[in-house]
Amino acid sequence: MIYFYSFVYMKGDSRYSRFFAYLNLFAGAMLTLVLGENLLVTFLGWEGVGLCSYLLISFWFEKPSAAVAGKKAFVTNRVGDVGFMLAMFLVVVTPSLGSLSYSHIQEHSSMVPTVTATAIVLLLFVGAMGKSAQFPLHIWLPDAMEGPTPVSALIHAATMVTAGVFVMVRMSPLMSVSSVTASNIIAVVGVVTAFYAAICALTQNDIKRVLAYSTISQLGFTFLAIGVGSYTGAMFHVVTH
């Protein structure tokens, strides 16, 4: 539906072909993210949507606000990605794991020491905070509305901002053996984000920014669900929202 809308919305734009090249790359990266069988392939898709979000948010780069918003999204997401990369390194060097395969991690998660599992989960959560715009790495998403409206819709509706939830749920076997501290941190960040973003939404005049803060708030609820162990509830809310 977003593609159909884009055909007319972008009609007459001087960079019409470039827009759809970026949009196709975005869709391909999102498919790679959700279809990957291991953390590395997921990370390639994760970085792909990060690059495409930068290209599309700052698509009308003649506007200073759009150029700044694109850079803000790119830098903020890179901060989170450091956590994701460190988590992957830690998974590989952990003797009881040694593989980035989701099925392998699921089978051997019970043998992972609690401290190691907690570190992996929290590092992955740092990545999820960046991608899914959780406090304090939420600052990029409202400004991302500077891009064309179909891009805003794609960022909200598809895998871009829900990728953090997706990865945390896929790594739920490790969360089950991690310390309760990790779960508490995730739940608290989710609650703070949900409340703070909802309050911010009340003060916005631009409907796209209202929706951006609303999305941040709703994603906060999904992380609350993850923190309390309701992985099904988290994914259900992502789908319905």
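How much accessible surface does the chain have, and what share of it belongs to carbon and sulfur atoms? The accessible surface comes to about 10,500 Å². Carbon and sulfur atoms hold 71% of that area. Areas were computed by the Shrake-Rupley method with a 1.4 Å probe, and for residues only the protein chains shown count as cover.

The model is predicted: local features need pLDDT of at least 70, side-chain atom pairs count only at pLDDT 80 or more, and totals for chains, interfaces and linings use all residues. Residues are numbered from 1 along each chain as its sequence is written, and side-chain values use heavy atoms, with hydrogens and water left out.

The chain contains 13 helices and zero strands. Helices (H or I, at least four residues) and strands (E, at least two) are DSSP runs, numbered from the N terminus. The pattern along the sequence is α-α-α-α-α-α-α-α-α-α-α-α-α.

The overall dimensions were examined next. Along the principal axes, the C-alpha atoms fill a box of roughly 60 × 35 × 30 Å. The radius of gyration is 18 Å, which agrees with the value near 18 Å for a compact globule of 241 residues. This radius is taken over C-alpha atoms, and the globule rule is 2.2 Å times the number of residues to the power 0.38. Of the 241 residues, 51% count as buried. Buried means under 20% relative accessible area, exposed over 50%, and partly exposed in between (1.4 Å probe, protein chains only). Contacts (heavy atoms within 4.5 Å) were also sorted by sequence separation. Among those with a separation of 6 or more, 73% join residues 24 or more positions apart.

Threonine 222 gives a local example. This residue lies in helix α12, which spans residues 207–227. Threonine 222 counts as buried because its relative accessibility is 2%. Neighbours within four places in sequence aside, threonine 222 is in contact with Val165, Ala234, His237 and Val238.

Charged side chains were then considered. The chain has 11 positive and 9 negative side chains. Lys and Arg count as positive and Asp and Glu as negative; His and the chain ends are not counted. The centres of the two sets lie 7 Å apart, with each charge placed at NZ of Lys, CZ of Arg, CG of Asp or CD of Glu.

Side chains of opposite charge can pair when their charged atoms come close. The whole structure holds six salt bridges. A salt bridge is a side-chain nitrogen of Lys or Arg within 4 Å of a carboxyl oxygen of Asp or Glu.

One of them joins glutamate 47 and arginine 78, at 3.5 Å from N to O. Glutamate 47 lies in helix α3 (residues 39–57) and arginine 78 in helix α4 (residues 64–93), so the pair ties together parts 31 residues apart in sequence. Glutamate 47 is partly exposed, at 23% relative accessibility. A network of salt bridges links Glu47, Arg78 and Asp81.

Lysine 63 and glutamate 146 also meet in a salt bridge, at 3.3 Å from N to O. Lysine 63 sits in the loop between α3 and α4, and glutamate 146 in the loop between α7 (140–143) and α8 (149–157), so this pair ties together parts 83 residues apart in sequence. Both are partly exposed: lysine 63 at 36% and glutamate 146 at 25%.

Aspartate 143 forms a salt bridge with lysine 72, and the closest N and O atoms are 2.6 Å apart. Distant parts of the chain are linked here: aspartate 143 is in helix α7 and lysine 72 in helix α4, 71 residues apart. Aspartate 143 is buried at 18% relative accessibility, whereas lysine 72 is partly exposed at 30%.
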